[in-house]
Amino acid sequence: VQLVESGGGLVQPGGSLRLSCAISGRVFSVTAVGWHRQAPGKQRELVAEFTSGDIANYTNSVKGRFTISRDSAKSTISLQMDDLRPEDTAVYYCNWRGRIRQWTSDSEFWGQGTEVTVSS
């Protein structure tokens, strides 16, 4: 599984950015796919993800401001980030978890990360 992110950058507080993650590779099943972030000096944390059953989950700090979506082919997921705050500054990583083959256990893959800086 390959994950390639795009769309990071510098934005002023209150602004918007849209991140995209292109997903490629043949798999048997998907457990979850979404976005995590890691701010300087902090642990990586979940931002938003789709779990099985197409349920979207968000961390509390981004609810109402961020929206996760994916295309019909499920080959691209996006994160629309509105009303950005300085505390959203982090490297954002696309994450995929699932089974590559029917007989394998869950695997986890990460993109290379894209930097988001919210500053005036």
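Helices (H or I, at least four residues) and strands (E, at least two) are DSSP runs, numbered from the N terminus. The structure is a predicted model, in which local features need pLDDT of at least 70, side-chain atom pairs count only at pLDDT 80 or more, and totals for chains, interfaces and linings use all residues. Residues are numbered from 1 along each chain as its sequence is written, and side-chain values use heavy atoms, with hydrogens and water left out.

Phe-109 belongs to strand β10, which covers residues 107-110. Exposure is expressed as relative accessible area: buried means under 20%, exposed over 50%, and partly exposed in between, with a 1.4 Å probe and protein chains only. Phe-109 has a relative accessible area of 27% and is therefore partly exposed. A contact is a pair of residues with heavy atoms within 4.5 Å. When residues up to four places away in sequence are not counted, Phe-109 touches Val-1, Leu-3, Cys-94, Asn-95, Trp-96 and Ile-100. Between the C-alpha atoms of Phe-109 and Thr-67 there are 22 Å in space, and the two residues are 42 apart in sequence.

Cys-94, one of the residues touched by Phe-109, also takes part in a disulfide with Cys-21. A disulfide is defined as a pair of cysteine sulfur atoms within 2.5 Å. In the pair formed by Cys-21 and Cys-94, the sulfur atoms are 2.1 Å apart. The pair joins distant parts of the chain, since Cys-21 lies in strand β3 and Cys-94 in strand β9, 73 residues apart. The link is left-handed, with -85° about the S-S bond. Both Cys-21 and Cys-94 are buried. The structure holds one disulfide.

A nonpolar core is a set of buried Ala, Val, Leu, Ile, Met, Phe, Trp, Tyr and Cys residues joined through side-chain atoms within 4.5 Å. The largest such core has 26 residues, and those with the most contacts inside it are Trp-35, Val-47, Phe-66, Leu-79, Met-81 and Tyr-92. Two or more residues of this core come from each of β3, β4 (29-38), β5 (45-51), β7 (66-70), β8 (76-81), β9 (90-99) and β11 (114-118). Beyond four places in sequence, Phe-66 is in contact with Arg-37, Val-47, Tyr-58, Leu-79, Gln-80, Met-81, Asp-82, Leu-84, Asp-88 and Tyr-92.

Pockets were located on a 1 Å grid over the protein atoms alone: a pocket is an open set of points with protein on both sides within 12 Å along at least five of seven lines, and its lining residues have an atom within 4 Å of a point. Grid points are joined across faces, edges and corners, and a volume is the space filled by probe spheres set on the points. The largest pocket contains about 250 Å³ of space. Its lining is made of 16 residues, of which Val-30, Val-33, Arg-70, Lys-74 and Trp-96 lie nearest the centre. The elements β3, β4 and β5 each give two or more residues to this lining, and β4 gives the most, with three residues. Ala, Val, Leu, Ile, Met, Phe, Trp, Tyr, Cys and Pro count as nonpolar, Asp, Glu, Lys and Arg as charged, and the others, Gly among them, as polar. By this division the lining of the largest pocket has eight nonpolar, five polar and three charged residues.

Arg-99 is placed in strand β9 and, at a relative accessible area of 28%, is partly exposed. Apart from residues up to four places away in sequence, Arg-99 touches Val-27, Phe-28, Ser-29, Thr-104, Ser-105 and Asp-106. Arg-99 and Val-27 are 72 residues apart in sequence, with their C-alpha atoms 6.4 Å apart in space. Ser-105 lies in the loop between β9 and β10 and is exposed, with a relative accessible area of 56%. With the same exclusion of residues up to four places away, Ser-105 touches Gly-98 and Arg-99. The C-alpha atoms of Ser-105 and Leu-84 are separated by 37 Å, at 21 residues along the chain.

Two further loop residues were examined. Asp-83, in the loop between β8 and β9, has a positive phi of about 50° although it is not a glycine. Most residues other than glycine have a negative phi. Asp-83 is partly exposed, at 38% relative accessibility. Gln-12 is in the loop between β2 (9-11) and β3 (17-24) and is exposed, with a relative accessible area of 54%.

Conventions
On a 1 Å grid over the protein atoms alone, a cavity is a set of points where a 1.4 Å probe fits but cannot get out, and a pocket is an open set with protein on both sides within 12 Å along at least five of seven lines; lining residues have an atom within 4 Å of a point.
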